[in-house]
Amino acid sequence: MKTNLKKYIISLAFAPLLLSSCSESFLEEINPNEQTPTTFWINEEGVMKGLSAVYNPVRRMTYGYYGGYEGALQYQMRSDDLYPTRGEEKAIWDVLFFTNTPNSSSTWGYLYTGIQLANEFLYNAPNVDMDKDKLSQFLGEVYFFEGILVFPRTHRFS
């Protein structure tokens with residue numbers, strides 16, 4: 001009987017520990033390697049990184065002939081304004097006829113990625129505490145690049 005009583009007392013002593021649950025914050029883990037808008041857009045360095053991100057899709061789209069946008073001059077090849085060089089036809093027809101291939105998807109993907117990055121910059125950068133002259137210059141650059149990125153899409157589908 002004495003051993004049974006000890007078992008009951010010990011089990012009653014540990015019951016609150018076993019029946020209690022963890023708090024919500026105990027189960028939430030924050031990834032220290034992942035940047036969020038609240039941790040990225042806090043100073044001028046973050047704004048500069050965001051501006052560099054806006055330049056990246058534009059740089060990737062200008063590897064076509066004549067240093068121009070990859071598909072802008074190729075659209076003219078449907079008319080008699082430009083003529084493709086030998087071996088160039090197959091790659092540009094995918095873009096001109098909106099065929100989804102690994103080659104043609106990059107043309108439209110860079111446009112939409114650049115627009116998304118520019119919109120994110122325009123939304124978050126004005127909230128950063130930094131020099132207003134620099135910020136207005138950066139905002140002007142991003143508005144310009146957003147216009148460059150929106151124009152081919154608007155021109156093509158309007």
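The structure holds 4 aromatic pairs, a pair being two rings of Phe, Tyr or Trp (its six-membered ring) whose centres lie within 6.5 Å, with planes under 30 degrees apart counted as stacked, over 60 as edge-to-face and the rest as tilted. One of these pairs joins F40 and W41: their ring centres are 5.0 Å apart and their planes stand at 80 degrees, so the pair is edge-to-face.

Some ground rules come before the rest. This is a predicted model, in which local features need pLDDT of at least 70 and side-chain atom pairs count only at pLDDT 80 or more, while totals for chains, interfaces and linings use all residues. Residues are numbered from 1 along each chain as its sequence is written, and side-chain values use heavy atoms, with hydrogens and water left out.

The term pLDDT stands for the predictor's confidence in each residue, from 0 to 100. Its mean over the chain is 76, and 61% of the residues reach 70 or more. Confidence is lowest in helix 5 (residues 72-75), with a mean of 55, and highest in helix 8, with 87. Where pLDDT is low, the predicted coordinates should not be read in detail.

The chain has 8 helices and 0 strands; both are DSSP runs numbered from the N terminus, helices being H or I with at least four residues and strands E with at least two. Along the sequence the pattern is α-α-α-α-α-α-α-α. Of the 158 residues, 27% are buried, where buried means under 20% relative accessible area, exposed means over 50% and partly exposed lies in between (1.4 Å probe, protein chains only). The accessible surface comes to about 11,600 Å², and 60% of that belongs to carbon and sulfur atoms. These areas come from the Shrake-Rupley method with a 1.4 Å probe, and for residues only the protein chains shown count as cover. Among contacts (heavy atoms within 4.5 Å) between residues at least 6 apart in sequence, 59% join residues at least 24 apart.

Back to the rings. F40 is partly exposed at 21% relative accessibility, whereas W41 is buried at 11%. W41 also pairs with F121: the ring centres are 5.7 Å apart and the planes are at 75 degrees, so this pair too is edge-to-face. The pair links distant parts of the chain, with W41 in the loop between helix 3 (37-40) and helix 4, and F121 in helix 7, 80 residues apart. F121 is buried, with a relative accessible area of 0%. Together, F40, W41 and F121 form one aromatic cluster.

F121 leads on to the nonpolar core. In soluble globular proteins, nonpolar side chains tend to be buried together. The largest nonpolar core here has 19 residues, and those with the most contacts inside it are V47, F121, A125 and V142; such a core is a set of buried Ala, Val, Leu, Ile, Met, Phe, Trp, Tyr and Cys residues joined through side-chain atoms within 4.5 Å. Helix 4 (44-61), helix 7 (102-124) and helix 8 each supply at least two residues of this core, and helix 8 gives the most, with 6 residues. Leaving out residues up to four places away in sequence, V142 touches L51, V54, A118, F121 and L122.

Helix 8 (residues 132-157) also holds E146. This residue is buried, with a relative accessible area of 15%. Beyond its neighbours within four places in sequence, E146 is in contact with I115, A118, N119 and L122. The C-alpha atoms of E146 and N119 are separated by 8.0 Å, although the two lie 27 residues apart along the chain.

The whole structure has 2 salt bridges, each a side-chain nitrogen of Lys or Arg within 4 Å of a carboxyl oxygen of Asp or Glu. In one of them, the side chains of K134 and E44 meet at 2.7 Å, N to O. This pair links distant parts of the chain, K134 being in helix 8 and E44 in helix 4, 90 residues apart. K134 is partly exposed at 36% relative accessibility, and E44 is partly exposed at 27%. A salt bridge also joins the side chains of E45 and K49, at 3.5 Å, N to O. These two are 4 residues apart in helix 4, so about one helical turn separates them. K49 counts as partly exposed, at 44% relative accessibility.
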